[in-house]
Amino acid sequence: MARDDRPQQLRVGRLTKAHGLKGAIKLELFTDDPERRFAPGAVFSLQVPKDSPWHGQHLTFRELRWYNQQPVGFFEGVDDRTAAETLVKAILWVELGDETDADAEPDAWYDHQLVGLAVVRDGEKIGEVAHVEHLPAQDLLIVKAGGREVMVPFVAAIVPEVDLEAGTVTITPPAGLFEELADETAADAPVEAADDQDAPDATDAE
């Protein structure tokens, strides 16, 4: 799939909870290389609600620490717990400059790489990726299938494989997520006339 020339971004973390009194914030990581992505001086763009005081702003990373195997971040300008709490649920994005940088995250994809991919279940195409939603709780693949859109959680248990070369996303959805599409298709199908052998014979009415 061709890559366009616009700056591309990769989601690398989410801020989950204020930690202590000095502005530290617990991190949920979406990167295999946190020491690289969260190096001192790293700059993140923020995905926050429009009414957030941080909307449209960037954060500069100051320090990464680990407490009980939980990553905790310190940021420039976030110096107390009150400021840290205003950033809870913010999603952190970094700009990627080249192909080498992108290849360092083997299980991460740009949104534009996913849009348009065929969605395959049990070896059969059932739709295609229309767009990607990045929510505070999780990412969703919005799959166009059967004339409607289905929200598929973008987690390994449900989306075990993304093959950009083949142009496919393989899914193993829970029961019921796509079955109702088949029901709708069946409901829209014309009703066929009953077989002659099933129709009551005029002589049977006597």
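Select β1 and strand β2 (residues 24–29): the two pair in the antiparallel sense, over six bridges. The model on screen is predicted. Within this pairing, pick arginine 14 and find its bridge partner in β2, glutamate 28.

Now widen the selection to the barrel. Six strands make up a closed barrel with antiparallel pairing, in the order β1-β2-β5-β4-β3-β6. From one strand to the next, the twist averages 50 degrees.

**Salt bridges**

Turn on the side chains of the charged residues. The structure holds five salt bridges, and the tour stops at some of them.

Start with aspartate 139 and arginine 11. These two form a salt bridge, and their closest N and O atoms are 2.9 Å apart. Aspartate 139 belongs to strand β9 (residues 139–145) and arginine 11 to strand β1 (residues 8–19), so the contact ties together parts that lie 128 residues apart in sequence. Are aspartate 139 and arginine 11 buried or exposed? Both are buried.

The charged end of arginine 11 sits over the ring of phenylalanine 30, at 3.6 Å from the ring centre.

Next, select arginine 62 and aspartate 79, whose side chains meet in a salt bridge at 3.6 Å, N to O. This pair links distant parts of the chain, 17 residues apart: arginine 62 is in strand β4 (residues 58–67), and aspartate 79 is in the loop between β5 (70–75) and α2 (81–85). Arginine 62 has a relative accessible area of 30% and is partly exposed.

Move on to helix α2 and show arginine 81 and glutamate 85. Their side chains meet in a salt bridge at 3.3 Å, N to O. What separates arginine 81 and glutamate 85 in helix α2? The two are four residues apart in the helix, which means a separation of about one helical turn. Arginine 81 counts as partly exposed at 30% relative accessibility, and glutamate 85 also counts as partly exposed, at 45%.

**Aromatic pairs**

A search of the whole structure finds five aromatic pairs.

Select phenylalanine 44 and phenylalanine 61. Their rings form an edge-to-face pair, 6.0 Å centre to centre, with 90 degrees between the planes. Phenylalanine 44 lies in strand β3 (residues 43–47) and phenylalanine 61 in strand β4, so this pair ties together parts 17 residues apart in sequence. Phenylalanine 44 and phenylalanine 61 are buried.

Because phenylalanine 61 is in strand β4 and phenylalanine 75 in strand β5, the pair ties together parts that are 14 residues apart in sequence. Phenylalanine 75 is buried, as is phenylalanine 61.

To finish, select the whole group. Which residues form one aromatic cluster? The cluster consists of Phe38, Phe44, Phe61 and Phe75.

Note on methods: Residues numbered from 1 in each chain as written. Predicted model: local features only at pLDDT ≥ 70, side-chain atom pairs only at ≥ 80, totals over all residues. Heavy atoms only, no water. Salt bridge = Lys/Arg side-chain N within 4 Å of Asp/Glu carboxyl O. Buried < 20%, exposed > 50% of the residue type's maximum accessible area, 1.4 Å probe, protein only. Pairing = 2+ DSSP bridges. Axes fitted to C-alpha atoms, helices over the stretch in contact; angles between N-to-C directions. Phe/Tyr/Trp six-rings, centres within 6.5 Å; stacked < 30°, edge-to-face > 60°. Lys NZ or Arg CZ within 6 Å of the ring centre and 35° of its normal.
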